[in-house]
Amino acid sequence: MQISYRWLQDYIQTSLTLEKISEILTSIGLEVESLEEYCPVKGGLEGFVIGEVLTCQQHPNADKLSVTTVSLGAGDPLGIVCGAPNVAAGQKVVVATIGTTVYMGNDSFVIKKAKIRGVESTGMICAEDELGLGKSHDGIMVLDASAVPGMLARDYFKIETDYIFEIGLTPNRIDAASHIGVARDLAAYLAANTDDFSKDRDYSLPSVDAFAVDNRNRPIEVIVENAEACPRYAGLTISNVSVAPSPEWLQNRLRAIGLTPINNIVDATNYVLHEMAQPLHAFDADRITGNRVVVKTLPEGTPFVTLDGVERKLDAEDLMICNAGEGMCIGGVFGGQKSGISDGTTSIFLESAYFNPTYIRRTSRRHGLNTDASFRFERGIDPDNTVYALKRAALLIREMAGGQISSDITDIYPNPVKPFRMELNFRHVCKFVGQEMEPKTIKKILKALDIEIESQTAYVMVIKVPPYRVDVQREADVVEEILRIYGYNNVDFSDEMHSTLTCSQKPDREKVVNVISDFLSSCGFNEIMSNSLTKTSYYRQSESFPANRCVNILNPLSQDLGCMRQTLLFGGLEAIIYNINRKSPDLKMYEFGNCYFAEPEHDRQVLKGYTENHRLALFITGDKAAGNWNTPEQPSTFFSLKAYSENILKRMDIHIESLKISGIQNDIFVEGLAYTAGKNLLVEMGMVNRKLLKQFDIKAPVYYAEFRWNVVLQMIAQAEIRYRDLPRFPDVRRDLSLLVDEKVRFAEICDVAGRAERKLLKNISLFDVYEGDKIENGKKSYAVSFVLQDMEQTLTDKQIDKAMQRIAEALAKETGAQVRQ
């Protein structure tokens, strides 16, 4: 945000230096990012002097050149060769002296002593464009006869140097998004940090006492149909105006802050916008059909052409300013092409309103329209400023464009916005600040901030915060305001250092996350971080993640950020297609992040509350090994994902054999596995459904696993660390070839064998699976190895055979397995 120093002085008179003002503004939260000198004329007319042409004669060697002598008031006259057709003796002109830099558009040159066709020239008599005061180059600029030779051109043309503060305005400080807002904050600081509040430390507002209705010949009816979107709407009519360029002072003010002047009507509304942060809009009154302004929404899909000539399809929630027949303006965002001010406009309807920030923010994001007006409306302006700003603009327009105020002010404000009322405890202020503050100091700061003290006891005050401070609605916010004005640099810091010994809960969540992150990174995974805000559309057709469990955002920045994520899957798929589109298809990624859920009642209409769960997601796609001259490409498979997932569980000392493993198939996974511990789901993994991948335009298979990290941490906390000696006696391996039904899983084999031989059986592994024509239909062959060991003695053949017999019998009984010879 740009603030003009000269403009700022209209509201607060102070002798502080520019550097001191910058320091104060930064200390109170309005960070001055830069301070630059500004001049309305490039170069500031440095080196240009008023002169008088004493003589003018034809150049002896050129038909179109003249040889002149020019007096600069003191010293000898200058001999100047001039090519302008209108130069003549007796004229008062502007002379660029030797060494002066002349700017013409983007080009510049330095005036030097030179000989032109044999005649010496020691300066240049200038045209408008050479001075930067116009575009004409038809001849030199001839001044009024009263001009005094020797006078500096910058003084003659009253060129004033200004200084521009570039302020990095934070989103919560919309109250300071104007020159008066900055002056008000500066005055508050000076008032609170001095013993008196003298005149040069106060700030003043422009007077509107001269406002008066000239006649009532042009009333326009105003109807507000959507009072929620438009809590306050005011307007009046001004007739017989003359649209023309603005006066030079106003154009210079707007140019100084980076705006391009348009005409006196539009410039007046822009001036008031940057003066007091109240957006205004001027309509051509002759184009208001039916002499009626209606504030309402229009049906979904209604076409509307905005000032930039673009036809836009309106949303059913876009607030529109309409006449009796059609829309004229997207309220608070952008004007329409048909109702704007043109050179032929003679009567205007001037609007000043307070719009609901939520409506404006959504409309602005929907249409991608970010204007000075929407910037302020969507953050919340001062609802009490509406009529004052309207009067201020009307007086400016009447002054610059003539005309008469030809209607009373229409002000529709059914439910006035009340000040924010709250209690402020002196003790809390001191506690938050970190040192004792006198109650009189606190009250002095509150008064400087326009915060009214309604009542007071020994330790507590009841205060009213003005509505323009939309960011101050809690006691903590008020304390922050007090500290901001009191000065952070005024808070004492002790030389003592206090420390507290803390005992963190086990397991340490951050440490566990770091351990697994290191493990995955060492395995070639890359960590990603996705936005926790995501598209609502992802959940509309999802069975696994129903839309009624979405935590929706009340004021989303865009349609793509409409709700909080229920899963890490969609953010990961976005990252995958982003990388694939950039020729990086072989990916292994992981992400730690929170997922958010609304908890509906059984009737799905009422929310019980919200939950937040920590998750870990793994993504694998593409090839796990690139092909070369002697090795073919090795595509990633589900078993790669399964191995990494189970290794994570093992690293966390979670015994996989203690988990229940079941198959899953849903709208997320074509097929996969779910690992559960008791009733708690631990991890789901599988191949992502191709229908889902098609939504992201991903053609390659994607393997995905999602850990319920909260459950993992609970299991780690319950795990016991035990120590035992290395075995002194050897283990023994025995293999069985089992013929089983095709529905029997290896996990069942492990479970049955483990229960049949609890003491000696240490490990089970599957080293071959066969399904084919050499065995009967509906069967498959498992080759399974069993490792037996006794920690107390060496096993005998008899013990081994007996144990293997128990295992074989149990498998035959519970799974129907037959031992193949």
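Me: Is lysine 583 buried or exposed, and what is its relative accessible area?
Reply: This is a predicted model, in which local features need pLDDT of at least 70 and side-chain atom pairs count only at pLDDT 80 or more, while totals for chains, interfaces and linings use all residues. Residues are numbered from 1 along each chain as its sequence is written, and side-chain values use heavy atoms, with hydrogens and water left out. Buried means under 20% relative accessible area, exposed over 50%, and partly exposed in between, with a 1.4 Å probe and protein chains only. Lysine 583 is therefore exposed, its relative accessible area being 77%.

Me: Where does lysine 583 lie, and what is its phi?
Reply: Lysine 583 is in the loop between helix 15 (569–580) and strand 32 (587–600); helices (H or I, at least four residues) and strands (E, at least two) are DSSP runs numbered from the N terminus. Most residues other than glycine have a negative phi. Lysine 583 is not a glycine, yet its phi is positive, at about 60°.

Me: Between which helix and which strand does aspartate 697 lie?
Reply: Aspartate 697, though not a glycine, has a positive phi of about 65°. Its loop runs between helix 17 (690–695) and strand 39 (702–708).

Me: Which residues of helix 13 make the contact with helix 11?
Reply: Helix 11 (residues 426–433) and helix 13 (residues 475–486) pack with axes 10 Å apart, at an angle of about 60°; axes are lines fitted to C-alpha atoms, for helices over the stretch in contact, and angles run from 0 to 180 degrees between N-to-C directions. Contact means heavy atoms within 4.5 Å. Helix 11 contributes His428, Val429, Phe432 and Val433, and helix 13 contributes Glu475, Val479, Ile482 and Leu483.

Me: How many residues in the contact of helix 11 with helix 13 are nonpolar?
Reply: Ala, Val, Leu, Ile, Met, Phe, Trp, Tyr, Cys and Pro count as nonpolar, Asp, Glu, Lys and Arg as charged, and the others, Gly among them, as polar. By these classes the contact holds 1 charged residue and 1 polar residue, and the number of nonpolar residues is 6.

Me: With which side chain does the side chain of glutamate 475 make a polar contact?
Reply: Glutamate 475 belongs to helix 13 and is partly exposed, because its relative accessible area is 22%. A polar contact is a pair of N or O atoms within 3.5 Å; within protein, one must be able to donate a hydrogen and the other to accept it, and residues adjacent in sequence count only if both atoms are side-chain atoms. A polar atom of the glutamate 475 side chain lies 2.8 Å from the backbone nitrogen of asparagine 425. The side-chain partner, at 3.0 Å, is histidine 428.

Me: With which side chain does the side chain of serine 239 make a polar contact?
Reply: Serine 239 is in strand 14 (residues 232–239) and counts as buried because its relative accessible area is 10%. Leaving aside neighbours within four places in sequence, the contacts of serine 239 include Arg218, Thr346 and Gln404. Its side-chain polar contact, at 2.6 Å, is with serine 406.

Me: What is the phi of glycine 105?
Reply: Strand 7 (residues 101–104) and strand 8 (residues 107–110) pair in the antiparallel sense over 4 bridges, with threonine 101 bridged to valine 110. The two strands form a hairpin with 2 residues between them, and in its turn glycine 105 has a positive phi of about 65°.

Methods: Two strands pair if DSSP finds at least two bridges between them.
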